[in-house]
Amino acid sequence: MFGDLFEEDSPSVSNNQYEKGKKLKTKALEPPAPREFTNLSGIRNQGGTCYLNSLLQTLHFTPEFREALFSLGPEELGSLEDKDKPDAKVRIIPLQLQRLFAQLLLLDQEAASTADLTDSFGWTSNEEMRQHDVQELNRILFSALEASLVGTSGHDLIKRLYHGTIVNQIICQDCENISEKQEDFLDLTVTVKNVSGLEEALWNMYVEEEVFDCDNLYHCGACDRLVKAVKLAKLRKLPPFLTVSLLRFNFDFVKCERYKETSCYTFPLRINLKPFCEQSELDDSEYIYDLFSVIIHKGGCHGGHYHVYIKDVDHLGNWRFHKEESKPDMNSKDLPNGEEIDDPLMILQAILSEEESNLIPVDQLGQKLLNKIGLSWNKTYRRQYGPLRKFLQLHSQVFLLSSDESTVSLLKNCSLQPKSDFQRNDQRVFKTLTSESPGLNDSTTCPHWFDINDSKVQPIKEKDIEQQFQGKESAYMLFYRKSQLQRPPEARANPRYRVPRHLLSEMDAANTELQTGRAECDSANNNFELHLHLGPHYHFFNGALQPVVSQRESVWDLTFDKRKTLGDLRQAIFQLLEFWEGDMVLSVAKLVPAGLHVYQTLDGDELTLCELEIADGEDIFVWNGVEVGGVQIQTGIDCEPLLLNVLHPATSREGEKCQQLIESPHVFPSNAEVGTVFTALAVPAGVILISHAESTGEESWTAIPMEDLKKTFREQGLSNGSSVLIQDSNGDDYSVLTRQGRWSAGPNETNWLQVKNICQLESEEKQVKIAATTNTVLFDIRIEAIKELKLMKELAENSCLRPIDRNGKLLPPVPDSYTLKEAELKMGSSLGLCVGKAPTSTQLFLFFTLGSDIQPGTEMEVIVEETVSVRDCLQIMLERAGLQGCNTERAYAMFWRYFGFNGRDASSSGFPEGAHLVVPASGPFRTPWESAGPDQLCHLSRWRLESRIRPRCPRHCARRRSSPLRGRRGNLRRCCLGRSEVSGPYLAIFLRVCRSIPSLPPSLDCGKQTPRQALTEPPAAAQGMQTGTEN
């Protein structure tokens, strides 16, 4: 299950075996983060090692196990530096555990890594990404550790701390002979299903007796016959540390699947095991165990996540809650008033009076203040009283600082109030502080519990353990320790206790390296580059600031800490520029195409550069804040200079304007009026046109009305690089020549559409011109046309726009949601405003013609759903033509695909005689691939379609030939469209119904005047098909 875990050639020695499966590890770019406020280190998850992290944290917070492992020196375990030597005997697993525990104790990082430890296990990346059962890992890890410690003084470490003994007995009811069997255990496995809690489970296992009687008699060896007997089990030997595994995962034999038992299962914080033990004559304290670790599983039987609740026996961590940081750990009702807390002098004097030596380091005084009242000096008193050391200096009548100001004591003759009152209040205050402050009481009255979830460590309260009694997130393993195991006072809050010297030196060196790395990283992350543009090296020219000599000589690069203030930056620049005289103003500038422009002046010397939102690589203009080279400078984004390309007709030597255009760059402020172009070019008047780039790469020009000349360049949407054309206002032709050498129509021809009123409603106007661009939505054009034509507002809900071709024919409606570009409408096109709604995305707009044998009838239109069957579509067409009673079995139909926006019909396309008209659903009009005679008309009982697919789509080539489709079952989308590229509004169907088809209608005669031969027999394509009935 664990791959190569702990499989070594020697049971006690590893000769470079841990290198197997070693992975390439990339060095982190930044040093790991320091520990958080709890001052405890987590363990990083390698992908699926949360179960390993929880178990390792439990072992780490078992001081007796940790210190026993630390007691094994290099002379017994070897050294990790010698692991690559062929003859070296290095016990890798215990050495890596020692180093990991030392890192968890002393290394200032948020989370430690188990990569080296898992490498010593022989794990590969697959094992580290796979989650296993923590109970099984516990047994395998202890077994491997025992094997690795063979031959050392720690060979019995696991057995001494974790092994217990169970005795199973069978007692004969006749001769009272006892048959017993003894077995060791590493952990007790108890059932959860149908059991209320741990004590009930232990009672069932070690108190309840199993009786052998009736058909289940026991064969007694002493009696040599079947007798009644009693079977029971007892705990014979209890280990110092008791591990209990809860059987949360069971198997459902009915459903044949595993499941997790999530019912309520209680367990006590302190348990008396005396009722379950074989020997009960010892003192009760020998059987009392305290809970100190709970490994929790969150999830189901097929996966989840482990984390652990741990009691900090040695008080190594800072057991303080975020919510209580701003609150004192005492009740205000216990104080006569709030003056003692509000007055730091009283608090500090009371803290020092509690010290036996009446002497304390100044650095520890602030920590003791935090422990006493839950408030830090900087957060509570610094703003009003200044730094702590300065406060002690100012109150020399109360506090006595040493010569180096490292320690402080309380003067013996100081008195702030009558001694009796002070002592009474002090006793009352610190009675509360001592009883509730963490770190001053023993673990029984004030246990420090933490939730360690991989890298994160959070303090919790003891009552939070009750939340893990049941549910998908519930306790999975319990760890108890004998209550008689007391820790020495010197181990309290001392992470260096019993740590070997070589590990202390290694951790101290690692901390120094971490601090250096963090300082370098902090400097790299907080330093940025500033480009200083010196005002004396610039002059105002052509609408912007330009360097006098060169850009390189005018700009100085400065690396600066963004956490420093603006005043610090100003002072640093003063020191660099020894020649500077007078006031210095720092402004944010930016290089624009026209030159350098000043945007914002920086104010507030007390603000940091971060607070001023100064970015890396920012351009800073250093000047006097008023003028540059004697010219007053306008600042701000409103007057940002714009570099425009101005085109105007060239002037001949005689002073006459010619067709040739001159292009020249000009700079204008963004807030200047557009009409200032005439002043800059010394032109009295004219017409200004603005260039717009089209998606095709061509340019279109828009004329600015005379009333808009007073608008600013920014209001007109001009930006750097925009082109402006100046033309004579007396000219009739506004056509201009583009830079590519192509003539582009002027604005009076290219920026409007003509909408005709075809609603049959009285209106003063018959047609109007609507200004538009390629991105204008047709809905806006339709609404504007209704307003311009002065029609009823009701038409807004029941009207549509239909393109009009060059012959005046109305083409299919265009959806309102389309833009002119999407609808492929050119500027200057004509649209008809018609009554009725345009087809939706699920509808088809169809044309059809009803006529006699000789003459075609009037062309009609119908809108149908694309899912309607062909037969139903034909029936709708007949009803639309007023032929509800017509016999459709004898009708003949012909479908034509027709593209509405190309402006062509069958009579004007120029096809040869007998050609089928096939037009693709999008793109330009193309000539059909093949032609066929009139005999290809088909009977209605068998619908046949010519699937004309574009040549560039080879995967459709197999469907070129026609195939019979059943009109009764097929729908229009399948039959008419098939898989060809035809979409809703652009599909037109021409239908002709008659008794016989002697010849094609003249309207489909492709412009030819020669008559066609009459159809006197069934079409060749239809021969062999049934004509009488419909299948």
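**Briefing: strand pairing, helix packing and a buried asparagine**

Strands β40 and β41 (residues 830-835) run antiparallel and are joined by five bridges. The model that contains them is predicted. The protein comprises 1031 residues, of which 48% count as buried, and its secondary structure amounts to 24 helices and 47 strands.

**The four-stranded sheet**

- Strands β40 and β41 belong to an open sheet of four strands, whose order is β39-β38-β41-β40.
- The pairing within this sheet is mixed, although the β40 and β41 pair itself is antiparallel.
- Strands β39 (767-771) and β40 (799-803) form the edges, and each of them pairs on one side only.
- From one strand to the next, the twist averages 35°.
- Across the sheet, proline 803 stands opposite leucine 831, a residue of β41.

**Helices α2 and α4**

- Helix α2 covers residues 63-70 and helix α4 covers residues 92-106; their axes come within 10 Å and cross at roughly 120°.
- The crossing of the two helices is left-handed.
- On the α2 side, the contact is made by Phe65, Arg66, Leu69 and Phe70.
- On the α4 side, these residues meet Pro94, Leu97, Gln98, Phe101, Ala102 and Leu105.
- By class, the residues of this contact divide into eight nonpolar, one polar and one charged.

**Asparagine 511**

- Asparagine 511 is found in helix α17, which spans residues 501-526.
- The relative accessibility of asparagine 511 is 15%, and this residue therefore counts as buried, the cut-off being under 20%.
- When neighbours within four places in sequence are left aside, asparagine 511 is in contact with Leu106, Leu107 and Asp108.

**Contacts across the chain**

- Among contacts between residues at least 6 apart in sequence, 68% join residues at least 24 apart.

Note on methods
Residues are numbered from 1 along each chain as its sequence is written. This is a predicted model: local features need pLDDT of at least 70, side-chain atom pairs count only at pLDDT 80 or more; totals for chains, interfaces and linings use all residues. Side-chain values use heavy atoms; hydrogens and water are left out. Axes are lines fitted to C-alpha atoms, for helices over the stretch in contact, and angles run from 0 to 180 degrees between N-to-C directions. A crossing is left-handed if the near helix is turned anticlockwise from the far one by less than a right angle, and right-handed if clockwise. Contact means heavy atoms within 4.5 Å. Ala, Val, Leu, Ile, Met, Phe, Trp, Tyr, Cys and Pro count as nonpolar, Asp, Glu, Lys and Arg as charged, and the others, Gly among them, as polar. Buried means under 20% relative accessible area, exposed over 50%, partly exposed in between (1.4 Å probe, protein chains only). Two strands pair if DSSP finds at least two bridges between them.
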